[in-house]
Amino acid sequence: MDAPITTGGGGTCVVGEFGTALHPSIYLYPSTDELMTMDWGLIPGFDWNWIAVWDVVLWRRGRADVSACLLAATAASWLLFYGTGRGYTALSLASDVLLLLLTVLFLWAKAARLLNRPAPPVPAMRVPQRAVDEAAVLLRAALDAACSGFHDIAMGRDSLLFCRTFLCLWAVSIVGSLTDFPTFCYASIVAALTLPALYQKYQECVDTYMRFAYMNLRMYEMVYERFSMKCFVRVRDWVMEVLKDP
């Protein structure tokens, strides 16, 4: 059953079985302030990691430094690989960094042994078996879902899935013809870290311009419909006159 939760503005949200909230006050969607004041603990099975992700994306709740670091790291890595013209790649950069790090640690350990100094504070690194098992389970589930979807499409069982897959692959093909994959990833990260925050800050202005653009679009659509109808009527009358003549 759906569970109502109370927002800070006095309204209520109805939460379905999948944890999706619907607020009736503003265009059927809750605003950012209402989302921050909702009692999310009443939602069964709600994952708090999504709140942390949105905090980073929207630069709020003390996570602006994390957002700034991610944006700076993305811009710096793009400039390092593509902007400076030095020919760096991810593999060459990782190799150089690891080579420098291992050399420094090796020389530090040898010098500390000769001078009776403490060794470098390098912790013992182990990969937990539980993490490996969880990653393997997630990978297996993803591969099973992809193989099942491919089999259903190949056997002609799911037309909707075929249409979705066709549109996604077509969009990927168009984007791939315009840019390469690393640049697309960098642009996506920058857009995810800037556009939502800018929209939250200038939401009223953006909504006003969007409504104005929508009204103009509807006006031009009505004009086009009237023009096309007049053309259709004229062509129909001309065809009828041609057919009536002996």
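View 1. Helices are DSSP runs of H or I with at least four residues, strands are runs of E with at least two, and both are numbered from the N terminus. Residues 64–82 are 100% helix and 0% strand, with 27 Å between their end C-alpha atoms. An unreviewed UniProt entry places "transmembrane region" at both 64–82 and 88–109; such annotations may be inferred rather than shown by experiment.

View 2. H5 covers residues 129–154, 26 residues in total. From first C-alpha to last it reaches 37 Å, close to the expected 38 Å, which is 1.5 Å times one less than the number of residues. Just after H5, Gly-156 takes a positive phi of about 70 degrees.

**View 3. Where H7 meets H8.** The axes of H7 (residues 181–201) and H8 (residues 203–244) come within 5 Å and cross at roughly 90 degrees. Axes are lines fitted to C-alpha atoms over the stretch in contact, with angles from 0 to 180 degrees between N-to-C directions. H7 is therefore roughly perpendicular to H8, a term for 65 to 115 degrees. Tyr-199, Gln-200 and Lys-201 of H7 make the contact with Gln-203, Val-206 and Asp-207 of H8 (contact: heavy atoms within 4.5 Å).

**View 4. Confidence along the chain.** The average pLDDT, the predictor's confidence in each residue from 0 to 100, is 77. Among the elements, H5 has the highest mean (91) and strand E3 (residues 21–22) the lowest (42). Over residues 1–30, pLDDT stays under 50. Where pLDDT is low, the predicted coordinates should not be read in detail.

Residues are numbered from 1 along each chain as its sequence is written. Local features need pLDDT of at least 70, side-chain atom pairs count only at pLDDT 80 or more, totals for chains, interfaces and linings use all residues, and side-chain values use heavy atoms, leaving out hydrogens and water.

Methods: Angles under 35 degrees count as roughly parallel, over 145 as roughly antiparallel, 65 to 115 as roughly perpendicular and the rest as oblique.
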